[in-house]
Amino acid sequence: MEKLIITSCICGAEVTKEHNPAVPYTAEETIQEAKSAYDAGASIIHLHVRWDDGTPTQDKARFQAVADGIREACPGIILQVSTGGAVGMSDFERLQSTEILPVPEMASLDCGTLNFGGNDIFINTDDTIDHFGDVLKERGIKPECEVFDKGMIDLALKSAAKGHIDSPMHFNFVLGVQMAATIRDLVFMATSIPAGSTWTATGIGKGCWDIAAATIGMGGHVRVGFEDNVYMAKGVLAKSNGQMVERVVQLAGLMNRGIASPEEARRILGLAG
Ligand code: KMH
Ligand code: ZN
C-alpha cells in the first residue's frame, strides 16, 4: 500500500467561529492553522480564504497573501486552492484562486450540482466542469475531482472523455453532504473509478473518523480539517487542524501505514514538483 497522504482543509467557506472559536479568519490565523497541520503530518493544504470578519472570498490578492505566508511557514507544502469558493459565487470569482504565483500545484474541481448545507444549491453544470478543467489544464494545475455522490464520478469521467481532465485522475469522495457518510458508499465510490486513479476521502461532521479509519485500511488518502468537522468527539471541539491531523497519523500508525511527506505525495499524485 502507498504511504498515506493527509490533506488538511483548514478553514473552508461556511464554518464559523461560532461553530469553533479556533476556525481561522485572518491571514495570520490561517497561516498558523496551516502550520499546525503541516507540523502534524499533512502534506497538502486545501485552501479557502476569508476576510478578517470571516466572510469567504476568492479575491486573488487575499489568496496570494495567505499562500505566500503558508509557503514560508510550511516549506515544501502542496497547496490545493479551492475553486469551489462559497455557494453563490460566479465562475469568474471562483477561479481567481488559480491565478496566484507561483502557480498552485493542485485545485479542487467540483464535479456536479448538489444540495449544500441543506437548502443552498451549489451549481456546477457540465459547462462549468469543462471550463474549470480547461483553465486548470492551461495553468498546469492538477485537479482534485470533488465527488459528492456517485453521479459525479460519471460527470468527471464524461468531462475527461471530452479532453477537459487528464489521466491519471485524482478524486476526493465527500461523504456526508449529499450522500451519507457510510462505509458501504465509500467502498462503492472507491471501486467505481478508473484503474490508476488516486483517491482521498472526506467524512463530514460525525462521519469524519469512521471514514478516515476505513480509508486508511482501504489504501486511500485522508482529508480532515475545520472545513469538514470541528469535533474530536461528541461535544469535544478540536483545538486546531493539527490536532485532527495528529489523530489521523495515530490511526495510520496503529494500522502500520506510513505517512507521505510532501515529496512522496508529489510522486504518488504525479505532480510535476
Ligand atoms: N464551499 C463549498 C460550496 C471546494 O472547495 O471546491 C464548496 C467547497 C468545495 O468547499
Ligand atoms: Zn473546500
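Helices (DSSP runs of H or I, at least four residues) and strands (DSSP runs of E, at least two residues) are numbered from the N terminus. The model shown is predicted, so local features are described at pLDDT of at least 70 and side-chain atom pairs at pLDDT 80 or more, while totals for chains, interfaces and linings use all residues. Residues are numbered from 1 along each chain as its sequence is written, chains are lettered from A and ligands numbered from 1 in the order in which they are written, and side-chain values use heavy atoms, without hydrogens or water.

Figure 1. H48 and E227 link distant parts of the chain, since they are 179 residues apart. H48 lies in the loop between β2 (44-47) and β3 (49-50), and E227 in the loop between β12 (221-224) and β13 (231-233). H48 is buried, at 4% relative accessible area, whereas E227 is partly exposed, at 22%. Buried means under 20% relative accessible area, exposed over 50%, and partly exposed in between (1.4 Å probe, protein chains only).

**Figure 2. Ligand 1 sits in the largest pocket of the model.** A pocket is an open set of points on a 1 Å grid over the protein atoms alone, with protein on both sides within 12 Å along at least five of seven lines; a molecule sits in it if more than half of its atoms lie within 2 Å of its grid points. Ligand 1 is surrounded by 13 residues, each with a heavy atom within 4 Å of it. The closest of these residues are S82, G85, S108, D110 and E227.

**Figure 3. Oxygen atoms of ligand 1 form polar contacts with H48, S82 and G84.** A polar contact is a pair of N or O atoms within 3.5 Å; within protein, one must be able to donate a hydrogen and the other to accept it, and residues adjacent in sequence count only if both atoms are side-chain atoms. An N or O atom in the side chain of H48 is 3.1 Å from a ligand oxygen. For S82, a polar side-chain atom lies 2.7 Å from an oxygen of ligand 1. The contact of G84 involves a polar backbone atom, at 3.3 Å from a ligand oxygen. Taken alone, ligand 1 exposes 300 Å², of which the protein buries 97%. These areas come from the Shrake-Rupley method with a 1.4 Å probe.

**Figure 4. The side chain of T83 meets the backbone of S108.** T83 lies in the loop between β5 (78-81) and α3. A polar atom of the T83 side chain lies 2.5 Å from the backbone oxygen of S108. T83 counts as buried because its relative accessibility is 0%.

**Figure 5. Two prolines follow cis peptide bonds, from L101 to P102 and from S167 to P168.** Most peptide bonds are trans. The bond from L101 to P102 has an omega near -15°, and P102 is found in the loop between α3 (91-95) and β6 (106-110). The bond from S167 to P168 has an omega near -5°, and P168 lies in the loop between α5 (150-161) and β10 (170-175).

**Figure 6. N256 has a positive phi although it is not a glycine.** Its phi is about 60°. Most residues other than glycine have a negative phi. N256 is found in the loop between α8 (241-254) and α9 (262-269). N256 counts as exposed because its relative accessibility is 73%.

**Figure 7. I10, V15 and P24 lie in the loop between β1 and α1.** The loop runs between β1 (6-9) and α1 (27-40). I10 is buried, at 0% relative accessible area; P24 is buried at 1%, and V15 is buried at 10%. The C-alpha atoms of V15 and N229 are separated by 8.8 Å, although these residues are 214 residues apart along the chain. The C-alpha atoms of I10 and L95, 85 residues apart in sequence, are 19 Å apart in space. For P24 and I153, 129 residues apart in sequence, the C-alpha separation is 31 Å.

Methods: On a 1 Å grid over the protein atoms alone, a cavity is a set of points where a 1.4 Å probe fits but cannot get out, and a pocket is an open set with protein on both sides within 12 Å along at least five of seven lines; lining residues have an atom within 4 Å of a point.
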